[in-house]
Structures are given as structure tokens and as C-alpha cells.
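Thanks, everyone. I will go through one chain today, beginning with the overall picture and then turning to two local details.

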Amino acid sequence: ASEGQDVLVLDSKSSKKRIKQLQDYRTGWVITNYESHRGIGNALVMLKPDVVILDESDYIKCPKSKVTKFYSKNFKNASHRIILTGTPAPQDDLEYIPQLNFMEPKIFGCNYYEFLKLNCFLSGFKHKIRKDKLGWFERKLADNCFFLKRSEVDLGSEKIFQTRLVQLGTKASTMYNTMEREFILESKEDEIFKSTDTKVAT
């Protein structure tokens with residue numbers, strides 16, 4: 001935020017308290033999470049912000065999701081729309097489309113489904129960008145995105161690996177115990193190993 005501007009962090013679990021905070025707020029920056037649209041969506045829209053920044057923008061990579069529809073529909077008139085992420089399209093290049101359409105619909109000049117019809121073919125159950133369109137698609141990305149390496153933002157090249165212990169919920173714990181108890185490894189039709197077989201050394 002610019003010097004002198006206020007920053008409001010909406011971290012209360014109560015939707016009523018967050019709505020009250022927004023109603024009393026005048027100018028500055030508001031920080032919230034994507035799921036806020038469920039409880040305080042209308043209050044966020046009523047702010048009519050000039051700038052909307054979506055960090056980890058791959059949250060809006062799916063055109064059918066409620067979160068994608070909410071932000072794309074309600075903040076399209078914001079003067080400045082910015083997206084940030086380290087994993088823009090972890091599974092498929094088509095995941096770029098909803099994110100860039102949020103940022104600037106004129107980049108492709110069509111919605112997600114029109115893009116599929118005009119630029120893709122069906123391979124099995126998945127759409128893929130046609131080879132004759134790949135160069136055009138890559139130029140669109142290059143012209144409208146900034147790509148930064150870790151070294152360019154002083155994050156260093158060293159990777160840090162951590163082991164974290166996570167407490168499973170009741171349902172997940174039950175499933176895990178069932179799989180551990182009933183696990184069977186098979187090759188074709190031959191049973192190789194059963195978790196209850198105490199003769200097998202691990």
C-alpha cells in the first residue's frame with residue numbers, strides 16, 4: 001500500500017463483523033480471502049474498488065467455479081485488475097484463459113467456451129489448443145504477462161524441504177486405517193502382497 005493509506009484485513013470468522021468493518025471503511029486497501037464471496041460478497045461488490053489484485057490467481061482457473069464467476073462478473077469494471085501466481089496453469093494451458101479474461105477480456109476477445117470452439121480440438125475427453133494456434137497463444141501470454149524467476153526477486157535458488165505432521169480428521173483417519181488394514185498389491189491376476197501377511201518383510 002502507498003504511504004499514508006490504510007489497510008483493512010478481514011480476518012474475523014464472523015460475516016456480520018466483516019460486513020460492519022466494510023461498511024465503516026472509507027478509503028485504502030482491503031485484504032481478504034477468496035472464500036469471502038460466500039458470506040460478504042455483496043459488501044465487497046459495494047466497495048466498487050478501483051484496483052483488484054488476486055494473489056494465487058489459479059483459484060479462478062476453472063470457468064465453472066462459483067469463485068471464478070463471482071470475481072469475473074463483479075469486478076470487471078475495476079480500473080485495474082492484477083493477477084499473481086507461481087502456478088498459473090499447473091494442469092493445462094487452458095487454465096490461463098479464465099485468469100487472463102478476468103484481467104482483461106480483450107486479450108482473447110471471447111469467453112472460455114468461445115475460445116474452445118475457435119482455437120481447440122477435442123482429444124479424448126479433453127480440449128487441447130490446436131497446433132496452428134499455439135504460437136498465437138504463446139505471444140498473447142508474452143505480451144500480457146510478466147514472468148519472473150526466483151533469482152530475479154531475491155528469493156534465492158536454495159530449495160527448502162520440510163517434514164510436517166498433520167492430524168487427520170475422523171473420516172480421513174477411518175479411511176486411512178481401512179486401506180492400511182485391507183491393502184492388497186496385485187500384478188495382473190496374481191496377488192503379491194497383503195497388508196495382513198506378516199510373513200512379508202518390509
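Of the 202 residues in the chain, 25% are buried, meaning under 20% relative accessible area with a 1.4 Å probe and protein chains only. This is a predicted model, in which local features need pLDDT of at least 70 and side-chain atom pairs count only at pLDDT 80 or more, while totals for chains, interfaces and linings use all residues. Residues are numbered from 1 along each chain as its sequence is written, and side-chain values use heavy atoms, with hydrogens and water left out.

The chain has seven helices and eight strands; these are DSSP runs numbered from the N terminus, helices being H or I with at least four residues and strands E with at least two.

Now the helix pair. Helix 1, residues 15–24, packs on helix 2, residues 36–46, at an angle of about 25°, and the axes are 10 Å apart. Axes here are lines fitted to C-alpha atoms over the stretch in contact, and angles run from 0 to 180 degrees between N-to-C directions. That makes the two helices roughly parallel, a label for angles under 35 degrees. In contact, that is with heavy atoms within 4.5 Å, are Ser15, Arg18, Ile19 and Leu22 of helix 1 with Ser36, Gly39, Ile40, Ala43 and Leu44 of helix 2.

Last, Asp92. Where does Asp92 lie? Asp92 is in the loop between strand 4 (80–84) and helix 4 (96–103). Asp92 is buried, at 18% relative accessible area. A polar atom of the Asp92 side chain lies 2.8 Å from the backbone nitrogen of Leu94. Leaving aside residues up to four places away in sequence, Asp92 touches Lys126 and His127.

Note on methods:
Angles under 35 degrees count as roughly parallel, over 145 as roughly antiparallel, 65 to 115 as roughly perpendicular and the rest as oblique. Buried means under 20% relative accessible area, exposed over 50%, partly exposed in between (1.4 Å probe, protein chains only). A polar contact is a pair of N or O atoms within 3.5 Å; within protein, one must be able to donate a hydrogen and the other to accept it, and residues adjacent in sequence count only if both atoms are side-chain atoms.
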